[in-house]
Amino acid sequence: MDQPKRAVLIMEEDALVPAHSKPLMLEAVLFCPILTWMGNRLRADGVQRFFVVCGPRFAEEAKACFPAEADVTVSERQEDLNAFLNTPDTVSVLLRPALPMEEAGPGFAYAVPGYELQEAWKNGLTNRVEAAELLDRWVPVFSLETVAELELVLRDRIVKRHIQNGVRVMDPSAVYIDPRVSIGRGTMVLPGSILRGETAVGRDCVIGPNAMVRDCTVGDETEINASQANESVIGSRTHVGPFAYIRPGCAIGDDIKVGDFVEVKNSTIGDGTKISHLTYVGDSDVGKKVNFGCGTVTTNYDGFKKYRCTIGDGAFLGCNTNLVAPVTVGDGSYTAAGSTVTEEVPPDALAVARSRQKNIEGWAARRRKLHGKDR
């Protein structure tokens, strides 16, 4: 039989799925939906077109399990399925959720010419299909208990594959890696780390301990220590953490420090910038070699709308600076510690936005006396 170029994947009917639940085919194994596991394996085997038998309740989620460029039809309409099967080409059929296992023998999955499926299914789906060839290398998933049994097996195999490709994993039983993740040679993954989604980690990085990286691109020689990074791009030779939080939409450049208790959200950070500790950078465009003093905050939200800050190259923000967006801090400028900046700071200027200090002599002694306290 010719190599299948099309595949039909049959999901549970919407009416059979309890409220606040989802079809088993959409449940995740190592953070990756089973349907994505299935689609990726079939595409690797040469399948080019997919038909997912799925009702409208889960259609959008099912479509999202495939790459945007994939040829995928998601429908429960008989006429749509008939049109898809109108071909002499061989079609793979998977009647239930399944996971790829090289050692699995032939079973419930099969392949058959499209015209024969069209004839067999003209009155509804059935397993009574003539001339079907059983397919191997698939393990059926019957329940969440099956998922739990297979997840650790697949975890170990994924970790082993990365080790064989030159990745260092100190404790293979203490890391979890999504099958979609790629990791460069020489990178060390330390215990407690989770790499998930469409994440790509470069060469000679250190991930962990206790790091979670989701849907990120990470450059070479970067360290992410005890921190979380989500849906962002992080450059090379950058140090993140410990206890940093990178939220979605960030583009963090090269040679940057995002230190302890720093949160960055929807911002671009230029090369060489240092955000060492206790700082929030949200909705901001930050230049190169900027220094953030401890406790700096970009105050980007007025309760109704988000605004952006722009910070020029080489700016130096003193400790406990508040930048009230929208505001621009020019190249090479300084802000005095404790300033709340609400107006544009010109390049190479010093912004001082705080009350002048006033000392009231003897105030503390009088207060203690009032309460009957000595020094």
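Phe316 is found in strand β33, which covers residues 316-317; strands (E, at least two residues) and helices (H or I, at least four) are DSSP runs, numbered from the N terminus. The model is predicted: local features need pLDDT of at least 70 and side-chain atom pairs count only at pLDDT 80 or more, whereas totals for chains, interfaces and linings use all residues. Residues are numbered from 1 along each chain as its sequence is written, and side-chain values use heavy atoms, with hydrogens and water left out.

Phe316 counts as partly exposed because its relative accessibility is 33%; buried means under 20% relative accessible area, exposed over 50%, and partly exposed in between (1.4 Å probe, protein chains only). Together with Tyr334, Leu350 and Val352, Phe316 forms a nonpolar patch on the surface, with about 400 Å² of accessible area in total. Such areas come from the Shrake-Rupley method with a 1.4 Å probe, and for residues only the protein chains shown count as cover. Patches are made of residues with over 30% relative accessible area and no salt bridge, nonpolar side chains (Val, Leu, Ile, Met, Phe, Trp, Tyr) being joined within 5 Å and like charges within 9 Å.

Ala349 is found in the loop between β37 (340-341) and β38 (350-351). Leaving aside neighbours within four places in sequence, Ala349 is in contact (heavy atoms within 4.5 Å) with Ser333 and Tyr334.

Ser339 has its place in the loop between β36 (334-335) and β37. With a relative accessible area of 0%, Ser339 is buried. Its side chain reaches the backbone nitrogen of Ala353 at 3.0 Å. Not counting residues up to four places away in sequence, Ser339 touches Asn320, Thr321, Asn322, Ala351, Val352 and Ala353.

Charged pairs form a further topic. A search of the whole structure finds 17 salt bridges, each defined as a side-chain nitrogen of Lys or Arg within 4 Å of a carboxyl oxygen of Asp or Glu. One of them joins Glu61 and Lys22, whose closest N and O atoms are 3.2 Å apart. Glu61 lies in helix α2 (residues 59-63) and Lys22 in the loop between β1 (6-10) and β2 (28-29), so this pair ties together parts that are 39 residues apart in sequence.

Another salt bridge joins Asp283 and Lys265, at 2.7 Å from N to O. Asp283 lies in the loop between β28 (274-282) and β29 (284-286) and Lys265 in strand β26 (residues 257-265), so the pair ties together parts 18 residues apart in sequence. Asp283 is buried, with a relative accessible area of 4%, and Lys265 is buried at 11%.

Notes. A polar contact is a pair of N or O atoms within 3.5 Å; within protein, one must be able to donate a hydrogen and the other to accept it, and residues adjacent in sequence count only if both atoms are side-chain atoms.
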